[in-house]
Amino acid sequence: MIRCTIAGAVRRAIFFITFFSKRLFMGFTCGIVGLPNVGKSTIFNALTSAKAAAANFPFCTIEPNTGAVPVPDPRLTDLAELAKSEKVIPTQVTFVDIAGLIKGASQGEGLGNQFLGHIRSVDAIAHVVRCFHDENVVHVDGEVSPARDIDTIETELIIADHDSVGKAISKLEKVAKSGDKEARARLDLLQILSDHLSCGKPARTAQLEGEPERIASVLGGLITAKPVLYVANCDESEVDHQPTPGGSHLIDQVATIAKAQGAPIVVISGKVESEVAELPLEERAEYLEALGLSGSGLDRLAIAGYQLLGLITFFTAGPKEARAWTAPQGWKAPQCAGRIHSDFERGFIRAEVIGYADYTQCGSELRAKEAGKMRVEGKEYVMQDGDIVHFRFNV
């Protein structure tokens, strides 16, 4: 038996499922969730330049707004310059702005069933938490309390998952009693999950034993099994505050919970991001630097999302185009080749690989090859973040 904690199994679950659905072909899908009026749509609009209604009342976002934005990666720019590429194609992050959840959402309150269905369709969850005071923006519970708000959302998601697990148990019980070993194994996992959820704990913090593929299948439809990162939406004056678990700031309440769950936290000011989105590209860096920031909220959110899902970026570069590709960490060369075209994976022969540092130091693919920096790798090679690659294949 393989003992597998949820922390590891979540990634297996996400990638096992999304590989076949091809939802991560160009990047990953991150659902933005939270209570009403916490700044979800404001942040979404700034990140994607979309026009989701940012009204001061619940449910202004009923249908999920979706926006795909390029992931900023200076390495791609460098490669394009060195390869004299005509086109530059970055990988993408797809954000889904999901309407605000409220207490009772798991029972259908506030169009809860519809919203929960939208959350189930994403790969990861960015939980936006209000950490700002504004008398012009009402709070659904009357006062700002990040810890309480997080508990409200998590409780609704746990209840929804508990209901889903209960239904799955009911369906499997008869099959398991007939002697079906696979059904019995799945039922055992579901019963452990049911007990865990009953204690008010998310599925991702449970521990399960069994085959990773079976665990992945059982977790596949559960919301609280998805990786989560917390987005602390703060006042402009606190945008450079370093989250400190146990501290006295509102942001620190989020940091305390994030630390306990082993989840990342990103501090963003929706107001600042809105202002940045309105500036010309050449003025944005200077504006952010004046606020003590090294990058925009998108930069930090994209990086956190990549780390959360265990993603890497590899590159192809030539005169026609320089392109960034996303793959799960640990994928081998043939699987990554399949990201480009299924024929590349099916007829994989070898991968010709140059590390990013070697490529930029040598100044070109040809010089890197002449310097002995190009490696020929076979089917068992595990792709590394920053690899520049040519796949050789024959079909």
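Bear in mind that the model is predicted, so local features need pLDDT of at least 70 and side-chain atom pairs count only at pLDDT 80 or more, while totals for chains, interfaces and linings use all residues. Residues are numbered from 1 along each chain as its sequence is written, and side-chain values use heavy atoms, leaving out hydrogens and water.

Let's start with helix α5, residues 146-177, and its partner α6, residues 181-198. Helices here are DSSP runs (H or I, at least four residues), strands are too (E, at least two), and both are numbered from the N terminus. The two helices pack at an angle of about 150°, with their axes 9 Å apart; axes are lines fitted to C-alpha atoms, for helices over the stretch in contact, and angles run from 0 to 180 degrees between N-to-C directions. That is why α5 and α6 are roughly antiparallel to each other (under 35 degrees counts as roughly parallel, over 145 as roughly antiparallel, 65 to 115 as roughly perpendicular and the rest as oblique). The crossing is left-handed, a label used if the near helix is turned anticlockwise from the far one by less than a right angle, with right-handed used if clockwise.

Where do they touch? Taking contact as heavy atoms within 4.5 Å, the α5 side includes I158, V165, I169 and L172, and the α6 side includes L187, L190 and L197. By class, that contact has eleven nonpolar, four polar and four charged residues. (Ala, Val, Leu, Ile, Met, Phe, Trp, Tyr, Cys and Pro count as nonpolar, Asp, Glu, Lys and Arg as charged, and the others, Gly among them, as polar.)

Now follow α6 over to α7, residues 212-219: the two pack at about 55°, axes 10 Å apart. That makes α6 oblique to α7, and their crossing is right-handed. Among the residues in contact are L189, L190 and L193 of α6 and I215, V218 and L219 of α7. The class count is seven nonpolar, one polar and three charged.

Back on α5, its axis and that of α8 (residues 250-261) come within 8 Å and cross at roughly 45°, so α5 and α8 are oblique to each other. P146, A147, I150 and E154 of α5 meet L250, Q253, V254, I257 and Q261 of α8.

I150 and E154 also turn up in the lining of the largest cavity, along with I153, L157, H127 and Y230, among others. On a 1 Å grid over the protein atoms alone, a cavity is a set of points where a 1.4 Å probe fits but cannot get out, a pocket is an open set with protein on both sides within 12 Å along at least five of seven lines, and lining residues have an atom within 4 Å of a point. The cavity's volume is about 90 Å³, volume being the space filled by probe spheres set on the points, which are joined across faces, edges and corners. The largest share of its lining, four residues, comes from α5. By class, the lining has eight nonpolar, two polar and two charged residues.

Finally, the largest pocket holds about 1,000 Å³ of space. Of its 37 lining residues, V71, P72, S296, L298 and D299 lie nearest its centre. α11 gives the largest share, seven residues.
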